[in-house]
Amino acid sequence: TVKPKWLVWCALGHLEWQHSSPWHYKNNTNEYGYLIGVKKRDCITPGLTMGYGLGADRSDLPAGHHSKIHSLLPSCDNSNINNTHCLQRFGASFPGAVRARSPTSAGM
């Protein structure tokens with residue numbers, strides 16, 4: 001039996017919009033919102049993509065929280081264009097994702 005093929009991609013860096021400026025209270029200004037560039041080891045939800053080929057089912061994909069998936073999967077071999085069953089990180093084109101954070105976002 002042929003093992004169904006899948007691959008996971010993870011952005012190394014992203015832009016993150018925050019709802020309040022860290023300088024708002026210090027400088028007593030009306031400035032709200034700021035955009036920062038972030039590089040992380042783990043995978044953020046908007047920067048995580050799972051691809052799977054014909055014959056594969058969602059149950060064939062690796063299970064795990066987006067922030068831990070990088071530690072559960074082997075890294076892809078960049079010299080092999082036929083990689084499967086591994087994590088491919090991409091970061092040459094920054095940002096790999098854009099994430100908006102607000103007081104109602106998870107983790108805030």
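The secondary structure of the chain comprises 2 helices and 6 strands, where helices (H or I, at least four residues) and strands (E, at least two) are DSSP runs numbered from the N terminus. From the N terminus on, these elements follow the order β-β-α-β-β-α-β-β. The model is predicted, so that local features need pLDDT of at least 70 and side-chain atom pairs count only at pLDDT 80 or more, while totals for chains, interfaces and linings use all residues. Residues are numbered from 1 along each chain as its sequence is written, and side-chain values use heavy atoms, with hydrogens and water left out.

An open sheet of mixed pairing is formed by 3 strands in the order β4-β1-β5; two strands pair if DSSP finds at least two bridges between them. Its edge strands, each pairing on one side only, are β4 (48-52) and β5 (87-90). Strands β1 and β4 run antiparallel and are joined by 5 bridges. Within β4, Thr49 is the bridge partner of Trp9.

Of the 108 residues in the chain, 30% are buried, that is, under 20% relative accessible area with a 1.4 Å probe, protein chains only. The largest nonpolar core has 8 residues, namely Trp6, Val8, Cys10, Cys43, Leu61, Ile69, Leu73 and Leu87. Such a core is a set of buried Ala, Val, Leu, Ile, Met, Phe, Trp, Tyr and Cys residues joined through side-chain atoms within 4.5 Å. Strand β1 (residues 6-11) gives the most to this core, with 3 residues. Leaving aside neighbours within four places in sequence, Cys10 is in contact (heavy atoms within 4.5 Å) with Asp42, Cys43, Gly47, Leu87, Gln88, Arg89 and Phe90.

Terms used
Buried means under 20% relative accessible area, exposed over 50%, partly exposed in between (1.4 Å probe, protein chains only).
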